[in-house]
Amino acid sequence: MSTDRDVTQSVRSWLDEGVTALPDRVLDAVLDRLPATPQRRATWWPVRRLPVMNTTAKLALAAAVVILVAFLGFNYLQGSNTGNPGIDDPSPTPTPEPQALVEGAAGPGTFSTTPFSGETVRFTFDMPAGWQGGSEWLVGPVSTADDGSALLFLQVDGLYSDPCASAGSPDVSVGSTADDLAAALMAQTAYEATLTENLAIDGYPTTRLELVMPSDLDYSGCTDGFFRVWDGPPGSGEPNRWYLWIVDVEGTPVLLVADVTAATAQHEAQIDEMVLSLQIEP
Amino acid sequence: MDTDLVTRAQHGDEEAFASLAVAAGDRLHAVAHRILRDIELAEDATQQALLAIWRDLPQLRDPARFDAWSYRLLVRACYNEGRRSRRWTPNMRLLPSDEPMQADGSTLVVDRDQLERGFRRLSIDHRAVVVLHHYLDMPLDQVAETLGVPAGTVRSRLHHAMRGLRAALDADARPPAREAAQ
């Protein structure tokens, strides 16, 4: 039997092994995102106090306010009578710059992301309140109790003919086009696939599918306990339900996956709104 | 850590932050890698942590505490990656055995495998305590401060984690039942 000292020594020497250097590409990715990642100002900074005013100063300030209000009111009336520009004339509202989709980026707001390494496809979309970024390719509800409700940006290189046996590489080709990918997903018999709609997202042809994983399968017998349609997230440990949008972005298939296993009707509606708000820059 | 760099980065100086990130990136990645036991997850966690450091840096009151504070954000990022991996990326890969094999000992290799299995059974909470204490040599009260939990909780987590790892090692040392009966 090992003594405590043996175990501690073994653990310490084992922890000393392995990589330590952070790849430059990771560091570069962080530095690239700084301009789009606003810093959160400290809330503990002391609040600046206004100096205490004497009575004369208060009267002077009140008079100044009255004069200013009168001036603005006069200007407004003049503007409405003559057609000259008044202070309420509409002026172009500046469009806010989208924020970078990173972990913790919280809605509501407009966010953009380039989720695929080595590719420049950029997605911009409106994220509602109650949702947040999980990474540059993942959006989910803020509450972790809602696990099983998420929107993912993916690219898929192949499918598993048996999603329950996913130890190796995917063995089913998905071709090179969006139509090929849709056909490959529809041809699988390990789960139920339904083509629900053909539509356009930001003008790009899109096929919408619904996948329902089998309910009569013992998932504990699958590789790692997961049922995996392709090599990558999401993986299913229970009968899951996913919506897929396969977007043909100038010949390149892009996959949007909504895990709606635990989604409420409101979540589903919000996912639809996010997808339909997408602006795609190839 | 250069506190002047920290202060400049707190005021939005991206170059100062780049220097900080270069200096801190390797140690953060090393810790993430040891907690998560997966290279890609560790890279993602480190990236998320560095962005969180940039975002929240103005809220750090004492620049001299940058190192400990950055570990707290890193461990938080590891929780997130670990939680996500359970659902979406269940295929945790074993670490590549790029270390030279010990010429004298299959025992060390066996220990390594057993420790790997035992460690993977631990929660991220328990792994973080083991790594901060036994890899970074952080005293337990500092581990508690870094993780934002009471010192008693840290001691309890370390105790249970080490007991689990010891059981993993002893399980391998135990002879098979038939052998033991002879």
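Mentor: A residue counts as buried when its relative accessible area is under 20%, as exposed when that area is over 50%, and as partly exposed in between, with a 1.4 Å probe and protein chains only. By this reading, 40% of the 282 residues of chain A are buried, while for chain B the figure is 53% of 182 residues. This is a predicted model, in which local features need pLDDT of at least 70 and side-chain atom pairs count only at pLDDT 80 or more, whereas totals for chains, interfaces and linings use all residues. Residues are numbered from 1 along each chain as its sequence is written, chains are lettered from A and ligands numbered from 1 in the order in which they are written, and side-chain values use heavy atoms, with hydrogens and water left out.

Trainee: How many helices and strands does chain B have?

Mentor: Helices (DSSP runs of H or I, at least four residues) and strands (runs of E, at least two) are numbered from the N terminus. Chain B has nine helices and zero strands, giving the pattern α-α-α-α-α-α-α-α-α along its sequence, whereas chain A has five helices and 13 strands.

Trainee: Among contacts in chain B between residues at least 6 apart in sequence, what share joins residues at least 24 apart?

Mentor: A contact means heavy atoms within 4.5 Å. In chain B that share is 68%, and in chain A residues 24 or more positions apart account for 54% of the contacts with a separation of 6 or more.

Trainee: At what angle do helix α2 and helix α6 of chain B pack?

Mentor: Axes are lines fitted to C-alpha atoms, for helices over the stretch in contact, and angles run from 0 to 180 degrees between N-to-C directions. Angles under 35 degrees count as roughly parallel, over 145 as roughly antiparallel, 65 to 115 as roughly perpendicular and the rest as oblique. Here α2 (residues 14-36) and α6 (residues 124-135) of chain B pack at about 135 degrees, with their axes 9 Å apart, and are therefore oblique to each other. Among the residues that make this contact are B:Ala30, B:Val31 and B:Arg34 of α2(B), together with B:Ile124, B:Arg127 and B:Tyr135 of α6(B). By class, the contact has nine nonpolar residues, no polar ones and two charged ones, where Ala, Val, Leu, Ile, Met, Phe, Trp, Tyr, Cys and Pro count as nonpolar, Asp, Glu, Lys and Arg as charged, and the others, Gly among them, as polar.

Trainee: Why can α6(B) be called largely enclosed?

Mentor: In α6(B), 10 of the 12 residues are buried, so this helix is largely enclosed by the rest of the structure. The buried residues include B:Val129, B:Val130, B:His133 and B:His134, and just after the helix B:Asp137 takes a positive phi of about 60 degrees.

Trainee: Which residues of α2(A) meet α3(B)?

Mentor: A:Arg25, A:Val26, A:Leu27, A:Ala29, A:Val30 and A:Arg33 in α2(A) meet B:Glu43, B:Gln47, B:Leu50 and B:Leu51 in α3(B). Their division is six nonpolar, one polar and three charged. The helices, α2 (residues 24-33) of chain A and α3 (residues 39-56) of chain B, pack at about 30 degrees with axes 10 Å apart, and they are therefore roughly parallel.

Trainee: Is B:Gln48 buried or exposed?

Mentor: B:Gln48, which has its place in helix α3 of chain B, is buried with a relative accessible area of 5%. Residues that B:Gln48 touches, not counting those up to four places away in sequence, include A:Val102, A:Glu103, A:Ser135, B:Ala77 and B:Glu81.

Trainee: Which residues have the most contacts inside the largest nonpolar core?

Mentor: A nonpolar core is a set of buried Ala, Val, Leu, Ile, Met, Phe, Trp, Tyr and Cys residues joined through side-chain atoms within 4.5 Å. The largest one has 123 residues, and those with the most contacts inside it are A:Leu185, A:Trp230, A:Trp245 and B:Leu57. The element that gives the most to this core is α2(B), with 11 residues. Leaving aside residues up to four places away in sequence, A:Leu185 touches A:Leu159, A:Tyr191, A:Trp230 and A:Ile246, among others.

Trainee: Where is B:Arg37 found, and what is its phi?

Mentor: Most residues other than glycine have a negative phi, and most peptide bonds are trans. B:Arg37 lies in the loop between α2 and α3 of chain B, has a positive phi near 60 degrees, and is buried at a relative accessible area of 3%. A:Glu250, in the loop between β11 (241-249) and β12 (252-259) of chain A, has a positive phi near 50 degrees but is exposed at 63% relative accessibility. The peptide bond from A:Gly107 to A:Pro108 is cis, with omega near 5 degrees.
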